[in-house]
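Visitor: Could you take me through one part of this model closely, and say which conventions lie behind each term?

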Amino acid sequence: MSSDEQSDSLLKVNELSVSFSTDEGEVQALDAVDFDVKRGQTLGLVGESGCGKSVTALSVMRLLPRPIGKITSGSIHFGGMD
C-alpha cells in the first residue's frame, strides 16, 4: 500500500472471503468482498436478508464466532495496519 493510499484510506477490505463450518460441511458466506473507506467518508451496507452484511461487519471487527466462522482469504487494513 502506497503512503498516499495509507493516508487516504481509513479502512480497506480486499478480496475478503469467509466460510462457516456446518453439519453439512463448509458454507461460503462471503466471496471476494472489496471496499475502501477514505477518511471522512461514511459507508452503508445494504441488501436483502442473508446477503452477508453482518458477516462482513463481524469479520472487519474480528468478531466471527470461532471455530465455526473463519476468514479464508483476503485482507483487512485499518489505518494502514493489517
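Guide: Buried here means under 20% relative accessible area, exposed means over 50%, and partly exposed lies in between, with a 1.4 Å probe and protein chains only. Helices (H or I, at least four residues) and strands (E, at least two) are DSSP runs, numbered from the N terminus. The model is predicted, so local features need pLDDT of at least 70 and side-chain atom pairs count only at pLDDT 80 or more, while totals for chains, interfaces and linings use all residues. Residues are numbered from 1 along each chain as its sequence is written, and side-chain values use heavy atoms, with hydrogens and water left out.

In helix H2, which spans residues 53-60, the residues Val55, Thr56 and Ser59 are buried. They cover an arc of only 100° around the axis (taken from the directions from the helix axis to the C-beta atoms), and therefore lie on the same side of H2. Among the elements that cover these buried residues are E1, E2 and E3, where contact means heavy atoms within 4.5 Å. Just after H2, Arg62 has a positive phi of about 60°.

Those strands form an open sheet of 3 strands in the order E2-E1-E3, with antiparallel pairing; two strands pair if DSSP finds at least two bridges between them. Strand E2 (25-38) and strand E3 (69-78) stand at the edges, each with a single partner strand, so one side of each has no neighbour in the sheet. Between E1 and E2 there are 10 bridges, and Phe20 stands opposite Val27 in E2.
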